[in-house]
Amino acid sequence: MKLYNTLGGKKEDFVPVTPGQVKMYVCGITVYDHCHIGHARSSIIFDIMRRYLAYRGFDVTFVKNFTDIDDKIINRAKQEGIAWNEVAEKYIAEYYQDMDQLGVGRADIEPKATEHIQEIIDITKGLVDKGYAYAVDGDVYFQIEKFSDYGKLSKRDLDDMIAGARVNVNERKRNPMDFALWKASKEGEPSWDSPWGPGRPGWHIECSAMSRKHLGDTFDIHGGGADLTFPHHENEIAQSEAFTGKPFAKYWVHNGFITVDKEKMSKSLGNFFTIKEILSKFDAEPVRFFLLSTHYRSPIEFSDEQLKEAEVSIDRYYTTALRVRDFLVQDNVKEKAGAEEKAFGEMLDTFRDRFTEAMDDDFNTALAIGNIFELIRMLNKYLDAKPSGAKAKELVVRAQDLLKEIGNALNIFSRTPEQWNSSLMRFKCPNVTEEFILSKIEERQKARGNKDWAAADAIRKELEDKGVVLEDKKEGTAWKVKV
RNA sequence: GGCGGCGUACCCAAGUGGUUAAGGGGACGGUCUGCAAAACCGUUAUUCAGCGGUUCAAAUCCGCUCGCCGCCUCCA
């Protein structure tokens, strides 16, 4: 497997610290507000990495934290007039609601910063003792000049950073780029006792403490959004490596942003869509599909149009799945080959390898999806020739199983065509009932029986205007939601 | 100002030294159908922002130019 490592700035062979095992840590959210689609991208992509590594036979330990103490949480608590920990609890619950709907699995361990205060204090104290950090008026700062590798992740030069520093001048810092490990708390703010007086953790230290506790000094993959590269991850490296004297994470993986009108989606620009907003308009599966249809490191432009295209793609799968099921319930015993049986068989033979090849190359989900649709096309083509017999059945079952297996690794295609259709109904034609549709179909059947094509077409048109399309088949008329 | 990335068809998007330059959407034409829908077939990039260079060979490597974006402050 190859994995793009921000640390090396290139794709590298993935060799875990312990053969067969993968320990990965991903920076989770600060729980002070609803998640937006950018959080969804990060969550989904790392969920997919975790699933795929497991699919490839690795024993994966996946840790994703919650930052549940932070300035933003304290501010939000003031705004809402509730306690800071109530804010944290509220948005953790909201997060789970969003992620459950999106089909993002829980991490194996989901630690919270406030549950690791002792570990945070231990590391901070250790860094002071080793001379990497200094305490001033109840604050403790990490002195970046003491850590000679500072900047190795984000490829920054200390002098350049200082020259272009936009950080607020803080008289207590020896260097403007020094960052807080521990902050003295102001009156009325949440605080914990420490050797430096009552205070709370700085932003970066929690991840060093939690990853170390749950995964050890050195682990395999550390992930997060590209905007965390600097300063968050750079600082984590400094703290952790200065403290343990050992390499921290071996591979640093960063996902690209979601853009709106080419601009990064962000809170400050106000150009974001919450997950809840999107899921009120779209089923979660097209959302996942959309996010996987571009390589995880590339920017991805968000729009309803893109989501609609994803919807069409998912629909194409379920339409084929339904077709496969119809085919398999027929009991045609006569042996008859389908179209291009040999090529189809070869596709089936090589499909799994093509999938792993794509995913092994830095999780190329976009290529994997391309392969999936090639298979879908060949499958449809094969079925078009109306094959029958044991051989045909075997090939079609294999195709179905492969699509399900690969879909499972990507967490798509997991429902029945009926479940998909009824979900679409909720979004596209919530006021139409199945009874109504069926009665209209029956009415139309009568008209068709009388060869009253005008009446039949009028009914079809009426349903189409309501978002329902009819398909006349030999066995009768089927209907589906128009995507 | 420092650092990094991107620019592939009408749209989205893989491909990063030799392949017919994947796949999806859209459009148009065809097969099928009472008509449709779905599905399939065909057409939509002799060419990869532009210009030079390296090479037997470049969308892929190097240089320059143009355009867009990100990080350097909280940010997935």
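Let's start with one residue, Lys-386. At 55% relative accessibility, Lys-386 counts as exposed, because the cut-off for exposed is over 50%. Keep in mind that this is a predicted model.

Where does Lys-386 lie? Lys-386 is in the loop between helix 12, residues 365–384, and helix 13, residues 390–410. Now look at the backbone. Lys-386 has a positive phi of about 50°, although it is not a glycine.

Glu-340 is not a glycine either, and its phi is positive, about 45°. Glu-340 sits in a loop too, between helix 10 (304–329) and helix 11 (341–360). Is Glu-340 exposed or partly exposed? It counts as partly exposed, because its relative accessibility is 44% and exposed begins over 50%.

One more backbone point. The peptide bond from Phe-230 to Pro-231 is cis, with omega near 0°. Find Pro-231 in helix 7, which covers residues 229–244.

Now the bigger picture. Which domains does chain A have? The assignment gives domain 1 at 2–280, domain 2 at 303–417 and domain 3 at 429–481. I will stay with domain 1 and domain 2. Taken over C-alpha atoms, their centres are 40 Å apart. To their contact, domain 1 brings 14 residues and domain 2 brings 16 residues.

How much area do domain 1 and domain 2 bury between them? About 1,300 Å², with 59% of it on carbon and sulfur atoms. On the domain 1 side, three residues lose the most area to domain 2: Ile-48, Tyr-52 and Tyr-55. Together they make up 45% of what that side buries.

Which elements give two or more residues to the domain 1 side? They are strand 1, residues 2–5, and helix 1, residues 37–55. Helix 1 gives the most, with 7 residues. By type, the domain 1 side that touches domain 2 divides into 8 nonpolar, 1 polar and 5 charged residues.

Turn to Lys-386, with phi of about 50°. Then turn to Glu-340, with phi of about 45°.

Terms used
Residues numbered from 1 in each chain as written. Chains lettered and ligands numbered in written order. Predicted model: local features only at pLDDT ≥ 70, side-chain atom pairs only at ≥ 80, totals over all residues. Heavy atoms only, no water. Domains from an automatic or database assignment. Contact = heavy atoms within 4.5 Å. Buried area = accessible area lost by both parts, 1.4 Å probe. Helix = DSSP H or I, 4+ residues; strand = E, 2+ residues; numbered from the N terminus. Nonpolar A, V, L, I, M, F, W, Y, C, P; charged D, E, K, R; others polar. Buried < 20%, exposed > 50% of the residue type's maximum accessible area, 1.4 Å probe, protein only.
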